[in-house]
Amino acid sequence: MDALVIGAGPNGLTAAATLARHGWEVLVLEAKPRPGGALYSEALTLPGYLHDVGAAFFPFADDSPAFRSLDLPGVGLQWANARRESCHPAPDGTSVAISRDIDETARSFGVDGPAWRWLAEWKRGMGSRLAEALLAPIPALAPAWRLGIRNILRLSLLGLRSTGEFSRRMFQSEAARRVVPGLALHGDLGLDDFAGTGMGLVLALMAASSGFRVPLGGAKAVTQALIHRLEEAKGKVRLGERVARILVRQGRAVGVVTERGEEIAARRAVLADVGPPSLFLSMLGERETTWWLRSQIRRFRYAWGTFKVDWALSGPVPWLSEEARESAVVHAGDSLADLDYFTRQVRSGQLPDNPYLVIGQQSLVDPSRAPAGHHTLWAYSHVPSALEGGWQRHREAFADRIETRLEGLAPGFRRLIRARHLAAPDDLEAMDENLVGGDLGSGSAKFDQQLIFRPAFPYFRYRTPVKGLYLCSASIHPGPGVHGSCGYNAAVTAIADET
Ligand SMILES: Cc1cc2nc3c(=O)[nH]c(=O)nc-3n(C[C@H](O)[C@H](O)[C@H](O)COP(=O)(O)OP(=O)(O)OC[C@H]3O[C@@H](n4cnc5c(N)ncnc54)[C@H](O)[C@@H]3O)c2cc1C
């Protein structure tokens, strides 16, 4: 083999497909019996219902240079959008929703319509140059130059603020104020966190342009399209093959040893779609890394855990908010105070009383996910990774608490439930060992673990202290989300190092 890729998540598969299309002989070794990592779909509840096990909505579907280079629609991947992208209702009846139509969103934002219009028109002016700059390896000089100094300054000035400060300055109504903080809470970014606005604002702007896209046939259709591109370039995936160690000779990665003891050689490179502690503290020996790197990686922080519920429903969710009935994603978070209270509870290790929720309605867009007239619903909240007595004792009661919140926003919801499937933090980690403690972000999204600090300075450009060994998971810049960029950037770096 020219290259071995450890892990068949979206980043591992993107890296492998990129190398294979460059003419390298590539083998992907995946620990689990199925590919995809957190990008897959299964009939988790009842036959006939298809649920996404992790990622479900893809704002970078079109704009990611990695996915563009692989032309996934060219192998049959189809994306679809809901009428509205992101709705933010509250039980008091107030609601705002982002759609791709600026006028429609401005109407929804009411008194804050002009402020929204300013933001959305700014994004329209940047087009796909925004994603290109955000997803490129840093320093991203050429993409930043194309984006323009004014846009970069504005992004920095807004993005470095906490979401609380940004929202209070930008919007007047409580409904509009909860939008960006609600989106930043996809990661572990609370109201007062420095630079929390970066993530929330980018998600809001992407919702307004590409939208929170849904792949027809489930998230696994994206994984299958990546594998298609890999295999047509003669690359291979071997499932059920966990890598235990990297083989290093004279400072260079020359292969791997699997958990079953098989040695597999790599002539040119090894790319690891794994967590930094796993790569630097377990797969490599002490002599193969540096003291500095090991001490930094011991301090690498995973974010809080995730609790996920999937439901099989006998009809669409009867949201009080008309906008929510047409939205791909709905966010439950009543006010800035509610989001702040939630954050404080999770940070102090408590189960949240009123769980903030990211709720996905894939079957509104893709009827193939459920029997005719029926629907799926996908939702997650953030939670402490571990609880006293273990998650097993708390999971059913916590899922009931989530349903109570949904019932408040959509009276009659409970009557539609045919079955539910729960995944606590330890279940998510058992499904995919990169989801350490149930962290869906492959490491905290806080500022001190972003950009040149992800996963540790100065190893933010995919290379490691071992020649020919590259980190390509979402634990490195540009971080979590399904855009394939960590894998793509690592593969391009490996190719450049060989030429
Ligand atoms: C509940 C949830 C919801 C999410 N929602 C979204 C969303 O809507 N939109 C979005 O863009 N993103 C979302 N994400 C985040 C997104 O799924 C991740 O950022 C993305 O999957 C990271 O890709 P990856 O390739 O780095 O790692 P992963 O997808 O975690 O894949 C890593 C793979 O490596 C394998 N592996 C690890 N160690 C080894 C080893 N030693 N040997 C062999 N194989 C190994 C694992 O088994 C796994 O298959 C969500 C994640 C979760 C969990």
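Me: Before we start, what should I know about the numbering and the pLDDT limits?
Reply: Residues are numbered from 1 along each chain as its sequence is written. The model is predicted, so to speak of local features takes pLDDT of at least 70, side-chain atom pairs count only at pLDDT 80 or more, and totals for chains, interfaces and linings use all residues.

Me: How is the chain divided, and how far apart are the C-alpha centres of the domains?
Reply: There's domain 1 (3-39 + 219-300 + 442-498) and domain 2 (79-215 + 304-431), with bounds that come from an automatic or database domain assignment. Their C-alpha centres lie apart by 29 Å.

Me: How many residues of each domain are in contact, and which elements give two or more residues to the domain 1 side?
Reply: Contact is called when C-beta atoms, placed from the backbone, lie within 7 Å. On that basis 16 residues of domain 1 are in contact with 12 residues of domain 2. Helices here are DSSP runs of H or I with at least four residues, strands are runs of E with at least two, and both are numbered from the N terminus. On the domain 1 side, the elements giving two or more residues are helix H12 (220-232) and helix H19 (485-498).

Me: How many residues surround the ligand, and which element gives the largest share?
Reply: The shell holds 39 residues, with Gly7, Gly9, Asn11, Gly37 and Ala55 the closest; to be near, a residue needs its C-beta atom, placed from the backbone, within 6 Å. Helix H1 (10-21) and strand S14 (305-313) each give two or more. The largest share, three residues, comes from H1.

Me: What does alanine 490 touch, leaving out residues up to four places away in sequence?
Reply: In the largest nonpolar core, of 156 residues, Ala490 is among those that touch the most other members. Such a core is a set of buried Ala, Val, Leu, Ile, Met, Phe, Trp, Tyr and Cys residues joined through C-beta atoms within 7 Å. Alanine 490 touches Ala15, Leu271, Tyr462, Tyr470, Leu471 and Cys472.

Me: Is serine 442 buried or exposed, and what is its phi?
Reply: Serine 442 is in the loop between H18 and S19. It counts as buried because it has 29 C-beta neighbours inside 10 Å. Its phi is positive, in a residue other than glycine, and is near 55°.

Me: Where is proline 455, and what is omega for the peptide bond from arginine 454?
Reply: Most peptide bonds are trans. Proline 455 is found in the loop between helix H18 (425-431) and strand S19 (469-471). The bond from arginine 454 to proline 455 is cis, with omega near 0°.

Methods:
Buried ≥ 20, exposed ≤ 12 C-beta atoms within 10 Å, placed from the backbone.
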